[in-house]
Amino acid sequence: MTGALHTGLILFSIVVVCESEPTHAGPDRDGDSRGQSRLVHITSHWAFQLVNDSLAFSRADSFCRGQFSSLATLDKPEDRDGALELLRQTGLHSPIWVRNPSKASSKPVALSKQYVQFSALNFPKESSEGFARVNMSFPALSSVSVCVRVQWNPEWNEVSTIFSYAAPVFTNEFQLRGQVDMQGRILLALIIHGKHLPYKASFPNDGAWHHVCVTWHRNRSHWAIYVDGDMKDMGSGTDNSRDIYGDGILILGQDQDSFGGNFTEPFFGNITDLNVWNISLEKWHVRALNACSAITPEVLFSWKLDHLSSHPVVKEVQALLHCPALSQQMELQGCRTLQGWADQLPQFGLTDCSDPLPFICSSSRERYLKIKQMSDSQNSQPTAFMNHLMELSNQTQVVLGQQPSGLSSLAQASALLDVSFQALEDTQQEGLQPTDMVSLIQLLSLAAEVPTQPLVDATNHSQDNIQELSQNFISVADSIISEDNALKWQAIKEVVNGPMDVVKSIARMVTGLSPRLMAETDRLTIHSPNIKLEVQQHRLQEGSKGSTFCGPETEKRTNLDCISVPHQKIQDLHNNGFNKLTLVNTWYGSLRPLFNPEENITMVPTVTDGSQRYLGTVLGSSVISTTVLGDDQPVSTAVRFQLQHRVQNPAGTVYDPVCAFWDFDLTPEAGGWWNTKGCEVVSKQYGYTTCYCNHTTNFALLLQVYEAQRSPENEKALQVLTFIGCGVSLCGLLFTFILFIAVGVPKSDRTTVHKNLIVALGIAELLLICSDWASANEAACYVVTALLHLFFMASFSWMLVEGLLLWSKVVSVNISEDRRMKLYYIIGWGLPVLIVGVTLAVSVDEYKADDHCWLNVKTDTIWAFVGPVIFVLAVNAVVLCRVVMVTVSSARRRAKMLSPSSASKMQAFDLTWAVTRPVLILLPVLGLTWLCGVLVHLSVVVAYIFIALNAFQGLYIFFVYAVYNSEVRNAIKRIKEKRKALSFTNCSQPTSFLPSQRAPITSWGRSPPTPSSPETSETSGPTSSTSTSLVIKNESFRKESFVSFSLKPASGNQVVQLTGFKQSGC
């Protein structure tokens, strides 16, 4: 039993360590059952493990990930010290693999970044005479490499010549031919010095583009054929007695039975990107060329249509080719290695990525020690699952007896998954323990990395076997992410990043196996209790429909979790030259409980209007994903998805959905995090939300949780109060403006500022009243939002001007009135236009809120209003304090002038009034009542106060600046006096007389003009009047009589005319 248990632990434990505890600073040797040695070095923060199993770079990287660690980067001093110590202990001097920290991870990107347009030549099937000739003279070649991209016509099944090189002395000097076999593959063969090599290398006859390279080296007598970056055939034994003759002719699309003519075996399809070198390219050169990456060897001939002459039937066409090197920072020239040390500094180099080398895995100290603790626990007390697994593994010793460096074949992966699934079925009642979960997660990670190239023994890996492997893989994954294991995930969080690690393994496995899974079907569905997987395959053509995938149906068959690729996006793939579309869709129903409910998902937007208090953000739905493969290459396209809300709404709690996706590249050391970039809410319905994202990945709904601060009744009452208050306020502002215009208030900078403030505030409140009706129309609501922003900003700008004007009165400012008013207009109207224009230009898509006509409070857009308002309120608060100080100072001076007996009593009253009066007068125009808006979230009472103060702001302005304004009252008084004078004029009988000696003695004087008299006001006309009004006081007149006279110059003499009025009772 002990031997079987130890054999199983090689595969299912994370790192099999020896029983001795490693020292903190020194190395420790870890042994395994096969006698191999791994050296571990632990520092204060990290653990480094040197693995002597030589693997290719990709498999070394996969192995480290399977150990819940990563390839060491050696970019930090602590990393370098750990690696140097490990190499000293082993005496290892050969290069080792290390990771490039600047290398970006591979992921689907947009078509425009992933595909490049090439000019190609089309050889039509309608004519067998098509050819193209390379216009250059070739030298004698001791080595040669020819690479070309070919799109074979699927309707042609005969032998074709892709290119042929003929010399004057020998025609079949160097040639590449192809033919279709019974399985529908294109078989390739070389002819070198007239020797026809066998047809072995191949690519599928699928109408897609394929990159083909052929190489030959005389001295080594070696040749090779590469297809799509991989070596498909190679050999030796060709004639090495001579070079390839020079001065030959290179023809595309035809075989030359004579030098430069007598064409036979035509090619039908498209050809592009032909390049010729006079060296034999290496494997990594070919891989780089396949990915459109430039290589250093100088090219003998480079593809340019200007250097070709072709038959008239051959036409130029444009081809869109897959070029991953342009979008992914791939080191196609080699992978990074540590070559040695110089002065304690590492020396790095590049090596062919397929070469097997040792490597170093690094992980955090805490993770390594936790793994060691779990491994020791599994050694001493195996769980029920592990015990049963060992019983089953005794029947499959040939499968289990493998190297600990990972799985090397689908057969091994299939056997391990099968035996694990059986053990899970047999131990359902006991359940999984945390150590079992870690072991199974490692198994899934290793199985997902198994190479998927075609196997020699195809009978052992039929379609049924591949589907069974996939079913077992999903079943094992389902058992791990079951809701029953929610608490156990917290126990392994120091080792495993989280349940999204399982999601990542599923995506890698299904994407890699999709060509085999879909070899005989167009749709495959795999079901388990918590996972639904569906793979769809379509042949793209004109009019291809969109694709939709839904999770399991609910009992009511409504509000399903669904994701779809829009019809137009699929049509775009077809228009871009894709022939086959594969969609890998997955639904995960149990991930939400596995995330720690006490761990808040930090999201940026937490601003509210005061009716709610932000509590946090939680995962609130299932997770649904889609991966799009165009001709088996990952591509990114837009998707639309709908997800149900799976969180119950407690009383007093409000949820606001946010569309998000899991970004594995965000905080990669933690396995990723939720991101919202490129996603937006399309619609919100009761119980579910529809989203749109411009890329493909794993999607979910995040619910921002708010505690409702006000009841629905209070919300309704506040809404009604706002509507009534705005209506009353608008009437007050309108009457104030009419009074300012109608009664002839003397023109001044103060009244001009008042009028502009009234206009801005009145239009803003009118728009606010109409905003509810505009919310039904998206365009109208957007316009109303912009206008509300503009006029409320203008209102606050003119409130700022009111403060600045008041400051200029209180503190002497040396600036003329004209210049001051120009500055005020720039601040009052120019600044709001600038702020609104910049905000619209920067955040046009995030400008408006989703459900009402106002700025979006969930993005930074709201600060385009809140920021300036806070600034205005701060400035005006300083102004008000200064005014109060000046008023109090004046009141104190007046109090000192009073008699001592009443000084103390009058001083207290004057000081109180000196503080209260300016506050009451200036509050509405300085906007300081808006300071209550900062406190509305504290209590519903504060919300009522805030609404009342600001909704009735216009009415307040009407009373303070119209009804009780001395200038307005004086203007009204003057109007009344004018009307009274006119009434006297219309109702009295005038009598004219000239002064005589018998006239009674009068005392009279010239009345001085007063500012309040209409004759001397700014509205009374010119001051150079030709008449002078005089007032006569005559005691002989009755009180009811009125006498006046005027002096009018006539021919240079003063003529005095007196007019007496006597009331006639009219």
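1. Helix axes are lines fitted to C-alpha atoms over the stretch in contact, and angles run from 0 to 180 degrees between N-to-C directions. Helices (H or I, at least four residues) and strands (E, at least two) are DSSP runs, numbered from the N terminus.

2. This is a predicted model, in which local features need pLDDT of at least 70, side-chain atom pairs count only at pLDDT 80 or more, and totals for chains, interfaces and linings use all residues. Residues are numbered from 1 along each chain as its sequence is written, and side-chain values use heavy atoms, with hydrogens and water left out.

3. Helix α7 (residues 384-393) packs against helix α9 (residues 410-426) at about 130°, the axes being 9 Å apart. The two are therefore oblique to each other (angles under 35 degrees count as roughly parallel, over 145 as roughly antiparallel, 65 to 115 as roughly perpendicular and the rest as oblique).

4. Strand β14 (residues 209-217) is largely enclosed by the rest of the structure, because nine of its nine residues are buried (under 20% relative accessible area; exposed is over 50%, partly exposed in between, with a 1.4 Å probe and protein chains only). In a regular strand, side chains alternate between the two faces of the sheet. Both faces of β14 are covered, with Trp209 among the buried residues on one side and His210 among those on the other.

5. Strand β8 (residues 143-152) pairs with β14 in the antiparallel sense over nine bridges (pairing requires at least two DSSP bridges). Cys147 has Cys213 of β14 as its bridge partner.

6. β14 also runs antiparallel to strand β15 (residues 222-227), joined by six bridges. In this hairpin four residues lie between the strands, and Ser221 takes a positive phi near 50°.
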